[in-house]
Amino acid sequence: MIVDQIIWLPILTALIIVALGEKRSELSYKISLFISILVFGLSVYVLYLFDPTTSGFQFVLKTQWIERFNINYHLGIDGISLPLILLTTFLTPIVIYTAKTTSKNKLHQYLASFLLLEGLMVGVFSAMDAFLFYVFWEAMLIPMFLIIGVWGGKNRIYATVKFFLYTFLGSVFMLIAIIYLYLKSGSYLITDFYYLPLQVNQQIVIFMAFLFAFAVKIPMWPVHTWLPDAHVEAPTGGSVILAAVLLKMGGYGLLRFSLPISPEGSMTLAPLMITLSLIAIIYIGLVAIAQTDMKKLIAYSSISHMGFVTLGCFVFFIEGNALNPATINLAINGAMIQMISHGLISAALFLSIGVMYDRLHTREINDYGGIVTTMPKFATLMVFFALANAALPGTSGFVGELTVILAAFKANGFIASLSALTLIIGAAYTLWMIKRVIFGPVKNEKINQLNDMNKLESISLGLLALSILILGVWPKPLIDLMNESINLLTLFITGT
Amino acid sequence: MLYQLSVLVLVVPLIGGILAGFLGKTTGKTFTNTVTIFSVLASFLISSYILYTILNQPDLIFNQNIYRWLEIGSYSFNIGLLIDNLTASMMVVVTFISLMVHIYSIGYMHDDPGYHRFFSYISLFTFAMLSLVMANNFLQLFFGWEAVGVMSYLLIGFWFTKESAIKANFKAFIINRVGDMFLLLGIALLFSLSGSLDYSTVFSSGPMINNQLFFITENLSVSALTLACILLFGGAMGKSAQMPLHVWLPDSMEGPTPISALIHAATMVTAGVFMLARMSPLFELSESALSFVLIIGSITAITTGLLGLVQFDIKRVIAYSTLSQLGYMVVAAGVSAYSASLFHLMTHAFFKALLFLAAGSVIVALHHEQDIRNMGGLRKRLPVTYTTSLIGTLALIGFPGFSGFFSKDALIEAVAHSTVYAHEFAYYCVLIGVFVTSLYSFRLLFIVFHGPLSEHNNNVQEPQLSIVLPLILLSIPSVFVAWPTVGPMVFDSFFSNSIVQPTSIELFGYEFTDSLHFLTHALSGPVTYIAISGIGVAYLFYIKQPEIPNKLALTFKPIYKLLREKYYFDYLYENILAKFFSSLGNSLWNLGDIKFIDNYIVNGTARKIESLSNKAQLLQSGYIYHYALMMMLGLSVFLGWVIINKIGMAS
């Protein structure tokens, strides 16, 4: 089955590459690049075969795994998981492609970690069995842990431990919730959980248990402080995948578990979730302004942008007396676009910072200035990504924020107004960084001697720029892909 | 057919801009300016043809979607065109000014290393501006709105190594974003009530929206329509630089002069005025919103004009003049005289672009000197620039017969006959404004071109033809454009298919017959005499008795300081607000994230666990009797618990 191949092909390749050893890292590079592109091709083929007019899971594969507990190796793809899978398989080749910009210790293991991670991430997005989901979810931590811990910066051990503890503690509660749901339903099939007749109190408890896992991943305030540390220490590729895909696991979890399993619990806790989202958007946005380290700045910007995802997932609960399916649809579509778009933009920004870091070995904003004079091509792209990050219409960054703000306004004008402050705050932190890093007089002699992007960098950043632009100019195809699945989700939320 | 042509108008400058941007550096200057100029020329010619066609065949007006941008459930968002008289005349104005600026830039930017980048930007700007005015829905309006903002950002910071330039463009972007936020919220409010972003749907549900209330608290509510209009106007305040969001426009003069003419005088900054006219079906339903518009416009018109009196940078004087004139246009919209507002927008586009380009000509001739104190007597050296500047100045102050006269007089007449709340206040503001306008305009003209020629300016020469030609071409409409157009555009039904407004009788209190009659009628009003007295005072101050202004400045020192400091708005924004938010961000980070969450909760928990485990270590002492004691204790606790439970169950 094709989904199966997308998961296991990179994982098996990872094993082969590790076996090949350090001496043949050039060969490993070629193999992993080829395989990751092949996997992207496969997922594009899935997109081609995918029928967007049905709401259910497609490409379903079900094999018995642990009979005693009715656990199955059960995979499937719907309109919510497919865009995220495409995002994963699109970014992995880029990360692998750019892995060679700096010489790395044990390059083959580095590449293997990313391939392993790719397979596991696709596994998370396509698992239909909750236990299988949990296995992929936890397994994913290992390669990420290695990427930061082995190829990270000076403080990498502190960052990895913090990252690991946070995410691990969060998911323990999720495991308990999954087991509880299994005991209730006798099945590990996620969609079986949707039909469980749960009391509001039970739903609240289950919601909270899942929330611990998802809130850490997204991350939501106040469990967000691991992210800036992890980003600062992670190598460029690690930051890219972390920001672009790993954070989306939390949003995906909310859509796959929290909302359909405990709609009434979600409704009860919606005010809390909306408050936390607004804190992310405003408080974290202001914190981003104060950053002096570019990676930290983009890390905080990521948290702030993910605030729109959580806002979109919950804001419709407070509209009037009855739930309005049209608003739910709008808001959740907005949350999904925001995830995809943030995946592309944050990846682009972390890669861009990587381009500069590879040359000057510093992430401090104050060490830069006047990059545009010596690296005009790079500066053009970086300004473009910055504007996309500030939600400029015509880029994908605008689409998600627009739809979430429109939905929020239908629910409550004040919440919408507060969230719209991101137009100012987002522009302030992003463009202020651009002003100090890209523009201005050439700051020092080192900048005077910089070379513009090489082929590797131009191609990867160019591809990202192109996809950000296309999604911004014509987001309809993406929405059409998700529409039916989100309609079904809306039915579960409204309880009809 | 007209639809295809309209798409062409929009797309051609985009293609020109992209070609210049990507290929300009390798293919050279001739390629760059040829491809962009011809694309804008094509755009201008087609626009003129479209205007001509729909004037003769009004039934060809259309509102058509190009493609569906997004579709979520029952909501669909489109990209589309609405071509009516308002759009078509804006298209002609935009493409004409853009064409002039393109030609002018050949000479002005000739030695600049960013030559191709510049042409690419101004072509892309033209595309963005066209997509704004041609939109048939709020989404595309917002798209164009922000896109022109970005081009303005890139062009203000065109000389990106200049610290002042990149400070100005950052400031411009952020302040515009404040306005954009209000605009987006206004759009969101309209969307939440009408379920659509298309103009036609929203406008037709205007009366329905007018009956809705928006609850601020449980008991306090405002009319949803009034709120929506004020929010939309918030956007216009940013883009059209109305008080108190005006501070970015004078700083935008850091950009090259051609873009000051194109973006920061003739086109982009008038987007807000255009939007007010476009939204007239909504604004007409809310008198409170109109009063708000009127008050903001009046304050802007008078206060920013006064600032023009104390500036010494040639471009900044004109920039403050632009602010003041934008105030006039907004005032006209506030009294529902949208046609007068648009008419002033059009005449202003011509004569203000002319004034800026003439200023640029002076700057080039003097090798990038912008301080007017180093100028003087230039009329003998720069006769063409002087003559065209004089024409532009006379048009600006509304001298009888010039285009600005017709537009300003119609506008002021409309204010005089208005009944909207605050119309009296507005009337006095615009009348005083007339005096101020002619005072600062002639101050500039006299200081720059009259008086003695200083030694180091002796060899100054008129710049090359590509700079001078646009001046001459722009002088023509600055003088004549109003003669044939004021009748149909302001008083007749030219805009009746695009905007809603009370009939001219209600607005102006008299019947318009022809332009000449209008001219003689206007001479009986006070406006012309106020303007001419302004010239007289300027003559006295800056030619006859040049020591008077200094004496005045010394005598009224606090007032002079207030004007020099631009009413302390910059101080408030930069030193108080910006500082406040950045230190707020800093303290949230240091106190909230680092001290509280990380050090207190996260690492605090870690320390707690560490100290607990240290204590637990004490228990593992290795002595058998310690363990035995622990076992005994544990056993007794356990037994006790079981016994208590048993008793509890039994009873």
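Reader: At roughly what angle do the axes of helix α12 (residues 271–278) of chain B and helix α16 (residues 338–365) of chain B cross?

Author: This is a predicted model. In chain B, the axes of α12(B) and α16(B) come within 10 Å. Their crossing angle is roughly 155 degrees.

Reader: Are α12(B) and α16(B) roughly parallel or roughly antiparallel to each other?

Author: The axes of α12(B) and α16(B) cross at roughly 155 degrees, and angles over 145 count as roughly antiparallel. The crossing of α12(B) past α16(B) is left-handed. The two helices are therefore roughly antiparallel.

Reader: How many nonpolar, polar and charged residues are in the contact of α12(B) with α16(B)?

Author: From α12(B), the contact takes Val273(B), Leu276(B) and Ala277(B). From α16(B) come Tyr338(B), Ser341(B), Leu342(B) and Leu345(B). By class these residues divide into 6 nonpolar, 1 polar and no charged.

Reader: Which element gives the largest share of the side of chain A that touches chain B?

Author: The contact takes 42 residues from chain A and 43 residues from chain B. Elements giving two or more residues to the chain A side include α12, α14, α17 and α22 of chain A. The largest share, 7 residues, belongs to α19(A).

Reader: In chain B, where is confidence lowest?

Author: Chain B averages a pLDDT of 86, with 95% of the residues scoring at least 70. Confidence in chain B is highest in helix α5 (residues 138–156), at 93. The lowest, at a mean of 64, is in helix α22 (residues 504–508) of chain B.

Reader: What ipTM does the predictor give the complex?

Author: The predictor gives the complex a pTM of 0.91. Its ipTM for the complex is 0.93.

Terms used
Residues numbered from 1 in each chain as written. Chains lettered and ligands numbered in written order. Predicted model: local features only at pLDDT ≥ 70, side-chain atom pairs only at ≥ 80, totals over all residues. Contact = placed C-beta atoms within 7 Å. Helix = DSSP H or I, 4+ residues; strand = E, 2+ residues; numbered from the N terminus. Axes fitted to C-alpha atoms, helices over the stretch in contact; angles between N-to-C directions. Parallel < 35°, antiparallel > 145°, perpendicular 65-115°, else oblique. Left-handed = near helix turned anticlockwise from the far one by under 90°. Nonpolar A, V, L, I, M, F, W, Y, C, P; charged D, E, K, R; others polar. pLDDT = per-residue confidence, 0-100.
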